[in-house]
Amino acid sequence: MIQSKAFSIVCIAIAATAIVACHSNVQTIKFDTAREMSGGKIAIAKLNPDMPRDWSGYNYVVVEMKVSTSQRFFLGFTTDHGYDEVRLHSYVPGQWNRIAIPIRFFTEPPASNIDMASTYNKPRYTGWVNIGGNVGSMTGVDSLGVRMRAPIGNQSIEIRSISLAVEDPGDAYLGNVPAIDEFGQSNLIDYPDKAHSLEELQEAWNAEEQEEVSAEELFGYSKYGGYKVAQTQHATGFFRTECIDGRWWFVDPEGYLFLSVGVDCIYNAGGGAVRNIEQRDGMLPQLPPEKYIQHTDRASGTIANYHDWNLERRYGDGEDLFERAANVTFKRMDKWGVNTIGNWSDKRLERMNRKAFMCTLYPAGADAGLMGLGDAYEPDFREQLERSMRPTIDPNRDSPWLIGYFMGNEPVWVGQEQRVCQMILDGRDRAIKTALKDFLNHNGDTPETRKTFVREAFRRYIEEVKAMQLKLDPNHLCLGYRFGDINAVDADMMAICSKVFDVLSFNCYALAPDKQMLDRVLAQSGLPMIIGEFHFGSVDRGQGQSLWQVDSQAERGIAYRYYTENGYAHPGLIGTAYFTWYDQDVLGRFDGENYNCGCIDVTDRPYREQTEAMAATAARLYSIHSGLEAPFSEQPVRPRGHDHGPDEW
């Protein structure tokens, strides 16, 4: 049952970085765009004078608020032991809504899961929560705080109610207009390129389909996407790597030097799925036709697919819809210089044999209960691996278009070896628990011996996966494990990886890949490198600004060029994959994320500034990586990462 209490009109004084104003029963914090971090605190007693300071026994804190932007912000509470906060992203900028935040997000470390996104991203219905940071008991709670890093424009948040609940009361949209429109766009934000009619969209779609594009003429690409100006003497019929005069390259099946310019999640449509429509009262306009409504018994509930409806509007509903849409997808890749279908893409596109691709051996024995580690001590682990890996490997074993396989993505245990050991010891009886106990009994139970055990378990795990890959498919490269934080991978870990992987892979969300970091990884591993994910986004489409924030669509293009060209200037970097092809769903994908990070929007129209930048960079990458041309030097204005930033309370 929710405790609902009246609240006061009076405000308290807060930090100089913000202004708090009260009008009627609403408290407003205004964010200052000129500041690196802007925010303020409000005494909870001024919102709800009867709210207890000890939250023990409650499971949810329920806030009614209206934030003027979709930009992420931090919401937290001052307690006896310090300040605890989470990141919030609102799906409904400029509208009142109620969001119920589980209190465990403030009191407990994130539960174990298979990768970083599933560990830290938590979906709700009017927004989503990203957890991680200080945790402790919620006692002595006396104030609510809100902060925003590098606000894009002078934004504000209004709060009119706070309460506690034992059971989840659910979120509620309290606005009076739908949150999205019939095309799946945000209905709460207007912008210059927004589609207001089907006629506008059809005009843009028709113009794109009339274009004639040749990747060979534009970028000098070979059949497989290699550089026709640079052919080696050794063609194997499959992709391989080679170091030439101190610079690493992929070599394509015909022997041409190749840099993998990729994009992740390439589909013919995207960005317009709405999950759990049962929980979205007042948020949706007219639903798509019934054939685009998916009824599931999973956590996603009933799903409305606005993006598929847009595809029918564009191509009709005939049997050739997929092929027509695929032709446009490949044309776009040709036009923008994208020569690789990146991870998590449509398998049907991969198997059309028109572009090189990479894929992941998911889950390849990775265990959510071990923070992404695999229990290679299990007697039947090899049999489990084979069953897990065959569905990916069997269709691709003889394909010359496949570059190679990733083992997995962003294991959470890296840098948290002490925690994963304790989870193993506290968990169910299993082979890895027995092995850990034996190891600690023989070597002593210290932080260092626990760390050593986890490293040994990782070595054993990846050796087993590599052996199974070679058994099932000796033709393709092992692209490694896409680490989420390469700075947490030290020299000892690099030494383990260097004996198993053909390429060292990691995701790198930054302004640009740091040269010293790339130098270290290359020196310690001796392997060429792939960056599996990076991106930039803004808030002018009513979505979250992604893991790296820039101020506008134009700045996204500048950021792409700066990141990519400066990365490929390094002799060890031979591949990148931008995340993603389409924007994420405006009302949140499966884990809540709703980033404006795509090359294409939900209405199936490319972002001009982003894609023109991709083409301009692709035309220069061979010369840049060869050391013949300097990389793009202009930086975007005020880019910001997704860390907590400075504390300006």
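1. Ground rules. In this predicted model, local features need pLDDT of at least 70 and side-chain atom pairs count only at pLDDT 80 or more, while totals for chains, interfaces and linings use all residues. Numbering starts from 1 along each chain as its sequence is written, and side-chain values use heavy atoms, with hydrogens and water left out.

2. The sheet. Look for three strands in the order β13-β14-β15, an open sheet with antiparallel pairing. β13 (240–244) and β15 (257–258) each have a single partner strand, so one side of each has no neighbour in the sheet. Strands here are DSSP runs of E, at least two residues, and helices are runs of H or I, at least four, numbered from the N terminus; strands pair if DSSP finds at least two bridges between them.

3. β14 to β15. Two bridges join β14 (residues 247–251) to β15. V251 has L257 of β15 as its bridge partner.

4. Aromatic pairs. The whole structure holds 27 of them. One is Y221 with Y227, edge-to-face at 6.0 Å centre to centre and 65° between the planes. Rings of Phe, Tyr and Trp (its six-membered ring) pair if their centres lie within 6.5 Å; planes under 30 degrees apart are stacked, over 60 edge-to-face, the rest tilted. Y221 counts as buried, at 3% relative accessibility (buried is under 20% relative accessible area, exposed over 50%, partly exposed in between, with a 1.4 Å probe and protein chains only).

5. A cluster. F381, W413, F458, Y461, Y481 and F483 form one aromatic cluster.
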